[in-house]
Each structure stands twice: as C-alpha cells, then as structure tokens.
Amino acid sequence: MTGRIEDHGLIGDLHTAALVDRDGTIDWLCLPRFDSAACFAALLGEPRNGFWQIAPTGAGRATRRRYRRDTLILEQEWDTPDGSVRLIDFMPPSNGFHDLVRIVEGLSGRVTLHSELRLRFDYGRSVPWVHRTRGTVAGIAGPDAVTLRSDAPTYGRFLATHADTTVEAGQRVSFVLSWHPSHMPPPEPTDPLDELEQTEKFWTDWSSSCTYDGPYREAVMRSLLTLKALTYQPTGGIVAAPTTSLPETLGGVRNWDYRYCWLRDSAFTLDALIRSGYTEEARAWRDWLLRAIGGNPGDLQIMYGVAGERRLPEHELGWLSGYEDSLPVRIGNAAAEQLQVDVYGEIMDTLARGRAHGLPFESDAWSVQEHLLRHLEQRWQEPDEGLWEVRGPRRHFVHSKVMAWVAADRAVQTIQQGIAPGDVDRWRALRASIHADVLKHGYDPVRNTFTQYYGSSTLDASLLQIPLVGFLPPDDPRIVGTVDAVAKELSTDTGLIMRYDPRVEVDGLPGIEGAFLACTFWLVEALYLTGRQERARELYEYLLSLRNDLGLLAEEYDVTNQRMVGNFPQAFSHIPLVTAAYLMSDMPGPATGRA
Ligand SMILES: OC[C@H]1O[C@H](O[C@H]2O[C@H](CO)[C@@H](O)[C@H](O)[C@H]2O)[C@H](O)[C@@H](O)[C@@H]1O
C-alpha cells in the first residue's frame with residue numbers, strides 16, 4: 001500500500017512532477033505534462049497501477065531524507081547492516097527531454113539494491129509492449145514511449161522490469177527513464193552525472209536570486225521552490241497541484257483534479273514570486289494569462305489547461321480504487337464552467353502589483369483589463385459559485401463581491417497614479433456601488449461580523465481576506481468582529497480553521513473535510529493586522545510544524561487522524577506561508593502592500 005500523503009517528496013522538471021515515497025517508490029508521475037495521463041498511478045490505486053521502486057533489498061523506509069540545499073534534488077539514505085547507501089532522484093529542467101534520473105551512491109560497506117519498474121500508461125491501465133536490448137529497455141503504449149538506460153543489467157518478470165545491483169562506498173549506479181512520443185526515435189543517451197550537475201546549478205541559481213531576507217527563510221524558500229516547480233515552463237501557466245483526487249476526507253468523495261491553472265491560485269502564486277524577485281515568472285504568467293483569456297471577456301473561464309486549453313471535461317477513472325479507497329478518482333474539472341466573480345479582482349490585483357514591482361506597463365494588457373472590468377460591471381450583482389467552487393446553488397457570496405470591489409479599486413488606483421489612461425469616474429462609481437452593497441447585505445450588525453453570503457447566518461474563512469485586500473481598514477470594528485467570529489466559529493480544537501462548516505448545506509457535497517491550511521494562514525495574517533501579533537506568530541509556527549520533513553504541505557489537515565489530506569503539494573497552502581512571513585517581517589510583502 002502507498003504511504004501517507006506527507007510521506008512523499010516532490011521532484012519535477014517544470015513540465016511535470018513526480019511523487020517519491022520514503023521507501024524509494026515513485027508512485028505518481030504524469031508524462032510529459034502535469035495533466036498528461038499517469039504512467040505511475042499506484043498512489044491512487046494498487047501497485048499494479050504502476051510504480052518504480054529502488055531501495056536496498058529488504059529495506060523499508062529510508063533512514064533520512066532531504067533536498068540537496070535549495071534545489072529540487074531529493075536525497076534519501078538508508079543505513080543497513082551491510083552499509084549505507086544514498087538514492088538521488090531528480091528531473092532535469094529545460095534540457096529538451098523528459099528524463100527521470102535516479103542515481104544510487106554507495107556511502108559505506110557493500111549494499112545490494114533492487115529496482116522494480118512497473119510501467120502502466122493511461123493512469124495505470126495500459127501495460128506497455130516492452131523491448132529489451134543491451135543496456136536499454138523500451139516501453140511503448142499508444143502515443144507514449146519510454147526508454148530506460150542503466151549501468152545495472154535488467155530482466156523482465158511478471159510484467160515488470162527488475163534490476164539487482166550492489167554498490168560499495170564511492171560507487172555509483174544510475175538509471176535514466178526518458179519519455180518520448182512513440183512515433184519518434186528515442187532521445188540520445190545523456191550523462192546522468194552531468195545532468196545532476198546542471199540540475200543542481202539550475203536550482204541553486206534560481207534560489208540564490210530570491211530577495212526574501214526575513215524570518216522563517218528556510219520555510220519560505222522551500223515554498224517558493226515548490227511554487228516554481230508547479231509552473232509549466234513552456235507557457236508560464238501554473239498548476240494548483242501536481243496531483244488529482246488525493247482526498248479531502250480519507251475514504252470520501254471530495255476528490256478533485258488540480259493539475260490545471262486556476263486564475264485565482266496562479267494570481268496568488270505570482271504575488272508571492274514577484275515579491276521575492278522573480279519578475280521573469282510574472283512576465284511569463286501575464287503573457288500566458290493574456291493568451292488564455294483572449295477573445296470575448298464573457299468567455300472568461302476561472303481555470304485553463306497549462307497551455308490555455310478551455311475544455312477540461314470531468315470524468316471518473318473507474319479502474320482505480322482511489323487513495324485509501326477514496327472514490328471516485330476524477331480527471332478534468334467541472335469547476336472550469338463555473339462563474340466565480342472573485343477572479344476579476346485577483347487578476348486586476350495581481351497585475352497592478354506586478355506593475356508596482358517592475359513588470360512594465362503594456363497597453364494590450366491594460367486593454368484586456370478594461371474589457372474585463374466592463375464585463376464585471378454587468379455581472380457583479382449575479383450570484384456565483386464563489387472561490388470554494390460550490391456544487392450547490394449559486395449564492396451572493398460576500399467574498400466574491402469584495403473581490404469585485406478589488407477589481408474596480410485597482411483600476412481606479414492605476415488610472416489615478418497616471419500609469420494607465422481610463423474613465424476613472426466610471427470605476428469609482430462601480431467601486432462605491434459594490435462597497436455599499438456589501439456593507440448593506442453582507443454584514444450582520446447584530447453579530448458584528450460579515451457573513452458567508454447575503455442573508456446567511458453562516459461564516460466563511462474567505463472573509464479573512466477583507467482586511468488583507470484593503471476593503472476596510474484592519475482596525476475597523478467590523479473587521480475585528482469578523483476575524484474574531486471566524487477564529488471562534490470555524491476553528492478546530494487545535495486552532496486550525498475550516499473554510500466553512502461543511503455540515504451546513506452550501507457546497508452540495510456529502511461528508512466533511514479537513515481543516516483548510518490556506519485559510520489558517522489567512523487567519524495568521526488577519527490576526528497580525530488586527531494587532532494580535534503574538535497569537536499570529538504562534539499560529540504560524542504551529543502551521544510550520546505541520547509541514548512534512550521536506551517542508552511540503554497538502555491542501556488540508558485531518559485534525560482527528562493528524563494527517564495531511566487533499567492534493568499535494570498544494571500551491572494554495574504554500575502561497576500564504578510566504579505572504580504571512582512577509583507580513584511578519586519588516587519587508588514590504590504581498591499582504592501589507594494591499595491593505
Ligand atoms: O470544494 C469543491 C471544489 O474543490 C476544488 O476547488 C478547490 O481547489 C481550487 C484549486 O486549488 C481552489 O481554487 C478552490 O478555491 C478550492 O475550493 C475543486 O477543484 C472543485 O472542482 C470543487 O468544486
């Protein structure tokens with residue numbers, strides 16, 4: 001059986017990513033893109049759905065593991081009665097190929113290792129045709145082909161490729177699995193040690209240009225590296241997570257495909273990256289955005305494929321038994337067809353902040369934003385599915401309206417500052433109408449709190465965004481009341497926050513879910529802004545303690561079972577880890593700049 005979600009480490013090549021369990025098993029990998037069909041899908045099913053394990057014979061979990069400095073090169077080490085050995089896993093970025101490289105390095109003694117490669121294309125269903133020549137194994141199934149090259153002799157058994165090898169101190173044995181389209185010849189062999197050197201240089205160059213110099217630097221750096229790993233280099237698109245259907249409740253149905261680019265998630269990601277000096281990523285994302293949303297503003301989607309694809313039909317993979325029996329396993333995402341008014345605010349806010357941090361003004365980009373605003377002017381009064389993408393009826397979610405206000409506000413500010421031309425009075429009037437509407441319908445004066453949606457008595461952790469985006473000042477009594485109400489009513493025993501109460505019918509889904517980590521980081525920011533700095537720091541440090549030993553977070557945390565749940569690693573969790581650190585440092589950060 002596959003390990004816990006947090007037992008996994010992430011490696012990737014800026015096209016796709018793999019999850020590596022601490023027993024040396026890669027049980028999730030889609031090739032060649034994040035949203036391609038998986039060739040290792042044991043994570044969501046059984047070993048027969050594909051995996052690749054390299055480990056000392058008879059050994060279990062690695063004795064220790066870490067990333068090599070600030071890189072995405074994962075090192076796991078085993079101490080065995082016969083000696084110690086290291087497994088180095090990585091995927092070289094930008095070399096024009098799609099390689100998964102695994103190098104075994106003897107540290108002491110003499111250790112025998114076993115490799116079992118069980119390729120199953122099409123999400124664990126399709127057994128490839130395998131052809132073995134000296135030093136090379138070719139696996140082909142439909143459009144996909146891979147080539148395995150290794151110093152270790154391989155043999156076939158029970159529809160898998162095996163190898164046994166022994167290493168002594170200082171000896172290395174490498175395995176390189178390369179993907180290529182099946183109608184093309186395989187790529188030329190590469191030198192794995194050279195690839196290791198290039199990959200280390202790539203990531204250390206990238207991480208050394210980070211400008212963050214505040215507290216919790218190690219956690220911030222690992223989060224930024226994880227966010228970078230979720231970018232699709234050829235287009236600049238950013239996925240929400242590299243996985244699908246890791247459950248929000250163990251054994252439950254809240255299982256979604258996150259291998260797509262949400263405008264909301266990627267806008268937040270950009271905010272964290274650009275503040276940390278990564279202007280190039282911001283430019284690439286803006287260009288991706290303009291291509292993706294190009295055309296009629298009425299056709300704006302809330303999410304796209306990594307190359308801007310619009311159709312992401314959702315369906316279930318009936319042959320997979322699900323992570324710890326959590327069914328269904330879904331690919332595609334029906335949320336792509338929803339109305340989520342908040343995305344207008346997130347786009348306008350991120351582009352404004354990009355300009356403030358060195359992204360040059362471009363009239364084409366501004367013209368698209370003006371089109372979006374005109375469209376928003378027509379639609380902001382409609383009920384929508386909101387940022388939580390509810391599958392129940394549309395509502396007038398307060399967070400959606402607040403973000404519509406953000407869109408108008410950022411337009412006003414941009415024009416007022418002389419950065420762009422435009423009808424400032426029109427957007428001022430829109431901004432004022434939305435503000436008044438939210439105060440009238442979205443605030444409950446009896447309880448002194450904003451509410452989840454107009455007319456509701458329920459709360460929602462997205463209300464914590466109100467002070468963060470500057471809708472009202474943090475010392476406004478309505479803000480303090482809202483922060484306190486959310487902290488009290490949506491808090492679990494440990495202080496983590498639920499995004500809303502799933503037992504109250506609003507999301508149209510059965511069952512409950514874990515505490516939402518991003519929302520708990522937002523609570524950190526809101527507490528800090530409302531003067532409860534000590535409490536904010538304590539909560540932040542508690543959140544940091546929930547990261548796995550490699551610094552990675554899933555979307556949610558199951559407080560009862562003390563386990564991570566939901567897709568992994570999740571950009572939405574790592575983004576506010578970064579922004580909250582900025583807020584608590586003396587450096588101007590994403591949250592401070594907005595409020
Ligand atoms: O809660 C139901 C919805 O859950 C997913 O959406 C969540 O993930 C998105 C990506 O991180 C995030 O933008 C959104 O705010 C979250 O609620 C799922 O993708 C949806 O299909 C589903 O309806």
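Modeller: What follows is a close look at one helix and its two partners. Keep in mind that this is a predicted model.

Start with the setting. The unreviewed UniProt entry lists residues 214–582 as "domain: GH15-like". That span is 45% helix and 7% strand. Its end C-alpha atoms lie 7 Å apart.

Now take helix H12, residues 517–529. One partner is helix H13, residues 533–546. The two axes come within 7 Å and cross at roughly 160 degrees. Angles over 145 degrees count as roughly antiparallel, so H12 and H13 are roughly antiparallel to each other. Their crossing is left-handed. On the H12 side, the contact includes Leu 517, Phe 521 and Val 524. H13 brings residues including Ala 536, Leu 539 and Leu 543. By class, this contact has 10 nonpolar residues, two polar and one charged.

The other partner is helix H14, residues 571–584. Here the axes come within 8 Å and cross at roughly 15 degrees. Angles under 35 degrees count as roughly parallel, so H12 is roughly parallel to H14. This crossing, too, is left-handed. From H12, the contact uses residues including Leu 517, Phe 521, Trp 522 and Val 524. H14 answers with Phe 572, Pro 576, Leu 577 and Leu 583, among them. The contact of H12 with H14 has 12 nonpolar, two polar and one charged residues.

How values were computed:
Residues numbered from 1 in each chain as written. Predicted model: local features only at pLDDT ≥ 70, side-chain atom pairs only at ≥ 80, totals over all residues. UniProt positions renumbered as here; feature names shortened; annotations may be inferred. Helix = DSSP H or I, 4+ residues; strand = E, 2+ residues; numbered from the N terminus. Axes fitted to C-alpha atoms, helices over the stretch in contact; angles between N-to-C directions. Parallel < 35°, antiparallel > 145°, perpendicular 65-115°, else oblique. Left-handed = near helix turned anticlockwise from the far one by under 90°. Contact = placed C-beta atoms within 7 Å. Nonpolar A, V, L, I, M, F, W, Y, C, P; charged D, E, K, R; others polar.
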